[in-house]
Amino acid sequence: MEKRQGEISSLILSSEAGDRSASDALFAALYTELHRLATSQLARNGRGAALSPTTLLHEAYLDMAGRESASFPDEGRFMGYAAKVMRGLIIDYARRRQALKRGGGFAITSLGDEAEGAAAAADELIETGAALDSLATADPALAELVDLKFFCGFSLEDIAAMRGVSTRTVQRQWEKARIFLHREIRRTSAG
């Protein structure tokens with residue numbers, strides 16, 4: 001396990017230095033975990049999405065490979081960033097679908113309860129995405145915590161170890177992030 005962590009850390013450093021082959025090797029080394037993350041993202045946020053985990057994973061890779069300013073000091077931060085990219089892709093997909101349903105399509109049809117539920121889920125996802133964007137603006141570290149905990153599935157203990165702080169500190173930060181997100185979603189829903 002420690003050998004793997006050293007290998008991942010080395011690949012991250014080489015990737016950040018601009019080594020394209022290291023970026024590809026990092027993606028390959030973390031493929032299974034990234035695929036699990038994509039599956040989790042779609043299960044949690046992609047209700048009704050016509051995306052497969054593999055498609056989402058590959059779209060995220062293309063998006064991440066195209067960005068030169070991103071840096072990842074460790075595997076947890078890399079996975080957090082991957083979760084954020086995947087979440088953004090799912091939200092963009094939901095927005096495009098909503099735009100089509102609100103006049104971008106070809107014909108007027110009768111929608112059943114299932115379609116209404118999918119539309120409500122897409123609206124909820126878009127609201128959550130906007131709230132997370134607001135949190136990222138207000139406190140990037142809290143937004144990263146949400147990505148690591150909620151979207152990557154890391155435990156509070158794992159995140160504490162990654163950050164070199166106590167679990168209780170991360171618990172307090174998690175509660176602060178949750179309160180912010182609940183207030184932001186309520187504020188935007190009421191307005």
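Helix axes here are lines fitted to C-alpha atoms over the stretch in contact, and angles run from 0 to 180 degrees between N-to-C directions. Helices (H or I, at least four residues) and strands (E, at least two) are DSSP runs, numbered from the N terminus.

Before we start: this is a predicted model, where local features need pLDDT of at least 70, side-chain atom pairs count only at pLDDT 80 or more, and totals for chains, interfaces and linings use all residues. Residues are numbered from 1 along each chain as its sequence is written, and side-chain values use heavy atoms, with hydrogens and water left out.

**Exercise 1. Work out how α7 and α9 pack, and which residues do the touching.**

Step 1: get the geometry. Helix α7 covers residues 140-151 and helix α9 covers residues 167-190; their axes come within 9 Å and cross at roughly 100°.

Step 2: name the arrangement. That angle makes α7 roughly perpendicular to α9. The cut-offs are under 35 degrees for roughly parallel, over 145 for roughly antiparallel, 65 to 115 for roughly perpendicular, and oblique for the rest.

Step 3: list the contacts (heavy atoms within 4.5 Å). From α7 come Leu 142, Leu 145, Val 146, Lys 149 and Phe 150, while α9 brings Val 170, Gln 173, Trp 174, Lys 176, Ala 177 and Leu 181.

Step 4: sort them. The contact splits into 8 nonpolar, 1 polar and 2 charged residues. For this count, Ala, Val, Leu, Ile, Met, Phe, Trp, Tyr, Cys and Pro are nonpolar, Asp, Glu, Lys and Arg are charged, and the others, Gly among them, are polar.

**Exercise 2. Find the largest nonpolar core and its main contributor.**

Step 1: a nonpolar core is a set of buried Ala, Val, Leu, Ile, Met, Phe, Trp, Tyr and Cys residues joined through side-chain atoms within 4.5 Å. The largest has 47 residues, and those with the most contacts inside it are Leu 34, Leu 37, Phe 78, Met 79, Met 86, Leu 135 and Val 146.

Step 2: helix α5 (residues 75-104) gives the most to this core, with 10 residues.

Step 3: zoom in on Leu 37. Leaving aside neighbours within four places in sequence, Leu 37 touches Met 79, Ala 82, Ala 83, Met 86, Phe 151 and Cys 152.

**Exercise 3. Is Ile 12 buried or exposed, and what does Ile 12 contact?**

Step 1: Ile 12 lies in helix α1 (residues 2-16). With 1% relative accessibility, Ile 12 is buried.

Step 2: skipping neighbours within four places in sequence, Ile 12 is in contact with Leu 26, Phe 72, Asp 74 and Glu 75. Ile 12 and Glu 75 are 63 residues apart in sequence, yet 8.0 Å apart in space, C-alpha to C-alpha.

Notes
Buried < 20%, exposed > 50% of the residue type's maximum accessible area, 1.4 Å probe, protein only.
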